[in-house]
Every structure is written in C-alpha cells, then in structure tokens.
Amino acid sequence: MIDCVMEANFITPGNVSRPKNIAKNSGGNTVMQQQTQIQFQLIENQKGEKFFPAFTDQEEKAKWEQAKGKQDVIMTFDSYYQVLSEEQCNVMGFVINPFGRSVAFPKPMVMSLKQQKDERNKQQGLKQQSIGKDEKVHIGDPAPDEYPIDMMASIINFLQERDDVDAAYLRMFKRENQEEESYLVIVDFTGDKMEEIFKGISAVSAPHLGGLQLSMMPYSIPFAKKAVDGVEPFFEKE
C-alpha cells in the first residue's frame, strides 16, 4: 500500500493563485513555479488537529460538502512532504479518502517514509551510458497532454536551492534499440558537482516518472547543446 501511495496522485481541494511569471516550455505547456500560491481546504479531527484531505477520485471528493466550488490541486506523497516539512506548517499530516475507508499518514510517518525513500534512491545510484558515434537517436518534446507538470515542479524546487545551476531543459529521448521514450533533462551548471546534481534530480523525479526512464546530460557536451537548440529552459536561475 505504501508503495502505491508513493506513486499515486491525490486530489486536495484548494484555491490556486497563479504567478505573473509562469514559465512555459517550447510547446506552450505551463510549468508550475514555486511562486504559485495555494490555499488548501483542511479537515479537522475531534482533537482539533488539521490534516490535508487526499482524495483518490472525484467520487470520494464529492462526499465532502466543503469541497464544492474549490479547485482540484493534484498532490503526490512528495508534495505533502514538502508542505508538511515547512517550519510554519501546523498541519498534522494527510488522510486518504477521509469520508470513505480512510487511511491516515501523520507527519512523523511522512517524514520517516520520505527519509527511507530518499535513502533507497541514493543506493540505486546513477548508471552512466554513452551514445555510439553512428547510433540513431530521436529527440523531441513531450506530448501536450502528457507533460510532466509535477516532475518539473519538483525539479524546479530542487534547483532553486542550488547556486551552481544556471538552466535546465526537458526533451524526450529515444535510442534506436529502445521501445519507449525516456525523459531527458539537460542541465547547464558550473563547477564539479554533476553527480550530486543528477542524483538530486533523480530523487525528486522518481515519484513522477509514471513508468518512464529518466536520462540526464550536462549542457556542456555538443550533443546536449544541439538537443536544446531553440528550446526554452523550464528552469532558469534568476
């Protein structure tokens, strides 16, 4: 069950205020920035403790009268962790389907599970691959209806905490011997922390891959520069 929760998308009602400087990729798809303001609709238990409601579908959401007229904020386990870990946050956790067969995830449990997940991702490490001189590859954009908004938001939040990353780009990447495409994140950075940067991107992206693979390249190599020629970065240091 926990593995499913780690991968799932949930609906949390709220009010969303969009920032003026919304980033878009080359296909015109909106990427949620950290500046987006969200006011969540919370529930309380008998002790007066506040929790995020995490609905699995619209049918479960409809059971809560106070959710009517509110926007659907799509949240993941990592999204709840990010909000719960903020110092000023007084929310005690999240509850899946609070008006059905509910399952509660108190804040200490969320913190512990996130630590275990990050440690597991670190142990998996990165696999280095090379592209043959005569190997055929296809580079393109994600389909408009499959743009990974949650993954991009998680990567943006991670990169904004670093001083050595100038920009990052998203493409789709397919080798001639592969059946499926993979995400390709190209990172323009300074210094010698490539492995640290790539591991961080891998960790925050893992819950949002939806079964696809993630490849990464430094912007400094000619192949990467050619792959993003004319493409707007989804992240750019202010």
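**View 1. Helices α5 and α6 pack against each other in this predicted model.** Here α5 covers residues 149–159 and α6 covers residues 194–205. Their axes sit 9 Å apart, at an angle of about 140°, and the crossing is right-handed. On the α5 side, the contact is made by Met151, Ser154, Ile155, Phe158 and Leu159. They meet Glu196, Ile197, Gly200, Ile201, Val204 and Ser205 of α6. Sorted by type, the residues of this contact come out as seven nonpolar, three polar and one charged.

**View 2. An open sheet is built from four strands.** Going across, the order is β5-β6-β8-β9, and the pairing is mixed. Which strands stand at the edges? Those are β5 (43–44) and β9; each has a single partner strand, so one side of each has no neighbour in the sheet.

**View 3. Strands β6 and β8 run parallel, with helix α3 lying across them.** Three bridges join β6 (residues 50–54) to β8.

**View 4. Asn97 has a positive phi.** Most residues other than glycine have a negative phi. Asn97 isn't a glycine, yet its phi is about 45°. You'll find Asn97 in the loop between β8 (93–96) and β9 (103–106).

Conventions: Residues are numbered from 1 along each chain as its sequence is written. This is a predicted model: local features need pLDDT of at least 70, side-chain atom pairs count only at pLDDT 80 or more; totals for chains, interfaces and linings use all residues. Side-chain values use heavy atoms; hydrogens and water are left out. Axes are lines fitted to C-alpha atoms, for helices over the stretch in contact, and angles run from 0 to 180 degrees between N-to-C directions. Helices (H or I, at least four residues) and strands (E, at least two) are DSSP runs, numbered from the N terminus. A crossing is left-handed if the near helix is turned anticlockwise from the far one by less than a right angle, and right-handed if clockwise. Contact means heavy atoms within 4.5 Å. Ala, Val, Leu, Ile, Met, Phe, Trp, Tyr, Cys and Pro count as nonpolar, Asp, Glu, Lys and Arg as charged, and the others, Gly among them, as polar. Two strands pair if DSSP finds at least two bridges between them.
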